[in-house]
Amino acid sequence: MAQAHFSAELLDELNLLCLYNLDTTQAGLKVHAGSASPGAVAAAERLYEKGLVTQADGGYLTPRGREAAYFAQELTGLLDPAELTT
């Protein structure tokens, strides 16, 4: 079986998706090139190229982006040690 892993670039994209507020469609993100990490800036550009956000510097989630952000946030919640019970 092939080994799967999350690349640094994919982790940057997932981290950015986790910052979106899914309780509203009226809240977006602005990734400022001067103050954000280079990884976050590049992640925002990649998410835009993938059609998940409306602007190369963040913007709003597209419908597909909302789905991706939902699953990213769900996965984070499932894997968060504070959420795990024994």
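Let me start with a cut-off: a salt bridge here is a side-chain nitrogen of Lys or Arg within 4 Å of a carboxyl oxygen of Asp or Glu. This is a predicted model; local features need pLDDT of at least 70, side-chain atom pairs count only at pLDDT 80 or more, and totals for chains, interfaces and linings use all residues. Residues are numbered from 1 along each chain as its sequence is written, and side-chain values use heavy atoms, with hydrogens and water left out.

How many salt bridges does the structure hold? Three. Take D57 and K30: their closest N and O atoms are 2.4 Å apart. D57 sits in the loop between β2 and β3, and K30 in strand β1, so this pair ties together parts 27 residues apart in sequence. Helices (H or I, at least four residues) and strands (E, at least two) are DSSP runs, numbered from the N terminus.

Buried or exposed? For that I use relative accessible area with a 1.4 Å probe, protein chains only: buried is under 20%, exposed over 50%, partly exposed in between. K30 is exposed, at 52%. D57 is partly exposed, at 24%.

Next, E13. It belongs to helix α1, residues 8-17. E13 is buried, with 5% relative accessible area. R46 forms a salt bridge with E13 at 2.5 Å, N to O. R46 lies in helix α2, residues 38-49, and E13 in α1, so the pair connects parts 33 residues apart in sequence. K50 also forms a salt bridge with E13, at 2.6 Å, N to O. K50 is in the loop between α2 and β2, 37 residues from E13. K50 is partly exposed, at 42%. Shared partners join E13, R46 and K50 into one network.

What else does E13 touch? Contact means heavy atoms within 4.5 Å. Leaving out residues up to four places away in sequence, E13 touches A43, R46, L47 and K50.

Now the sheet. Two strands pair if DSSP finds at least two bridges between them. Three strands form an open, antiparallel sheet, ordered β1-β3-β2. β1 (29-30) and β2 (53-55) are the edge strands, each pairing on one side only. β1 pairs with β3, residues 58-61, over two bridges. K30 has G58 in β3 as its bridge partner. That is the K30 that forms a salt bridge with D57.

That's my tour. Comments, please.
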